[in-house]
Amino acid sequence: MKPFKAHTVVISLVGVLTLGTVFFRIVEGWSWLDSYFFTVVTVSTVGYGSLVPATALGKIGTTVFIFVGLGVFAVAIQQFALYHMRKREEHTEWLIGRLGHTAGDRPAAANEDDQPGADQNGKSSSSRS
């Protein structure tokens, strides 16, 4: 999936939250704070249930809002995760380059199992003098 630009994701998320807040303020007659709270709780799928649309238009609008808002919210979370995964990958590549290791000369893992009868250095205990 092609990554979206950060400002596109942020503007979309803010737009959905703003439209949802205005919609519930007008249709349900809730305060701005209650409308905003219901919008965030609905889009984030938390759903406390303390506010419930009472009008038919509010219920229909909420169902449309859930599909649209959840889609935007999911894309925002996905893009946030993609950004952090990319940064971690870049940092790992930087560390590998800085330490001089390649895939072929990677040191053994610290928790790698030893062969039976071997001491800490991997030598057989029967060959000690």
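This is a predicted model: local features need pLDDT of at least 70, side-chain atom pairs count only at pLDDT 80 or more; totals for chains, interfaces and linings use all residues.
**Helix packing around H1**

Helix H1, residues 6-28, packs with helix H2, residues 32-43, at an angle of about 130 degrees, and their axes are 8 Å apart. The crossing in which H1 passes H2 is right-handed. On the H1 side, the contact is made by Val16, Leu17, Gly20, Thr21, Val22, Phe24 and Arg25. H2 contributes Trp32, Ser35, Tyr36, Phe38, Thr39, Val40 and Val43. Sorted by class, the residues of this contact of H1 with H2 are nine nonpolar, four polar and one charged.

Let me take one residue from that contact. Thr21 lies in helix H1. Is Thr21 buried or exposed? Its relative accessible area is 9%, and the cut-off for buried is under 20%, so Thr21 counts as buried. What does Thr21 touch, if we leave out residues up to four places away in sequence? The answer is Trp32, Ser35, Tyr36 and Thr39.

Now to H1 as a whole. H1 has 23 residues, which at 1.5 Å a residue should span 33 Å. The end C-alpha atoms of H1 are 32 Å apart, which agrees. The buried residues in H1 are Val9, Val16, Gly20, Thr21, Phe24 and Glu28. They pack against H2 and against helix H3, which covers 56-99. Just after H1 comes Gly29, with a positive phi of about 75 degrees.

That brings in the second partner. H1 and H3 pack at an angle of about 165 degrees, with 10 Å between their axes. Angles over 145 degrees count as roughly antiparallel, and therefore H1 and H3 are described that way. Their crossing is left-handed. From H1, the contact takes in Val9, Ser12, Leu13, Val16, Gly20, Phe23, Phe24, Val27 and Glu28. From H3, the residues are Leu57, Gly58, Gly61, Thr62, Phe65, Gly69, Val72, Phe73, Ala76 and Gln79. The classes in this contact of H1 with H3 are eleven nonpolar, seven polar and one charged.

Next, H2 itself. H2 has twelve residues and reaches 16 Å from its first C-alpha to its last, close to the 16 Å expected at 1.5 Å a residue. Which residues of H2 are buried? They are Ser35, Phe38, Thr39, Val41, Thr42 and Val43. These buried residues of H2 pack against H1 and H3.

Asp34 is also in helix H2. With a relative accessibility of 32%, Asp34 counts as partly exposed. Asp34 and Ser50 are 16 residues apart in sequence, and their C-alpha atoms are 9.8 Å apart in space.

Last, the end of H2. The helix is followed by Thr45, which lies in the loop between H2 and H3. Why pick out its phi? Most residues other than glycine have a negative phi. Thr45 is not a glycine, yet its phi is positive, about 65 degrees. Thr45 has a relative accessibility of 54%, so it counts as exposed.

The crossing with H2 is right-handed, while the crossing of H1 and H3 is left-handed. The buried residues of H1 pack against H2 and H3, and the buried residues of H2 pack against H1 and H3.

Technical notes. Residues are numbered from 1 along each chain as its sequence is written. Side-chain values use heavy atoms; hydrogens and water are left out. Axes are lines fitted to C-alpha atoms, for helices over the stretch in contact, and angles run from 0 to 180 degrees between N-to-C directions. Helices (H or I, at least four residues) and strands (E, at least two) are DSSP runs, numbered from the N terminus. A crossing is left-handed if the near helix is turned anticlockwise from the far one by less than a right angle, and right-handed if clockwise. Contact means heavy atoms within 4.5 Å. Ala, Val, Leu, Ile, Met, Phe, Trp, Tyr, Cys and Pro count as nonpolar, Asp, Glu, Lys and Arg as charged, and the others, Gly among them, as polar. The expected span of a helix is 1.5 Å times one less than its number of residues. Buried means under 20% relative accessible area, exposed over 50%, partly exposed in between (1.4 Å probe, protein chains only). Angles under 35 degrees count as roughly parallel, over 145 as roughly antiparallel, 65 to 115 as roughly perpendicular and the rest as oblique.
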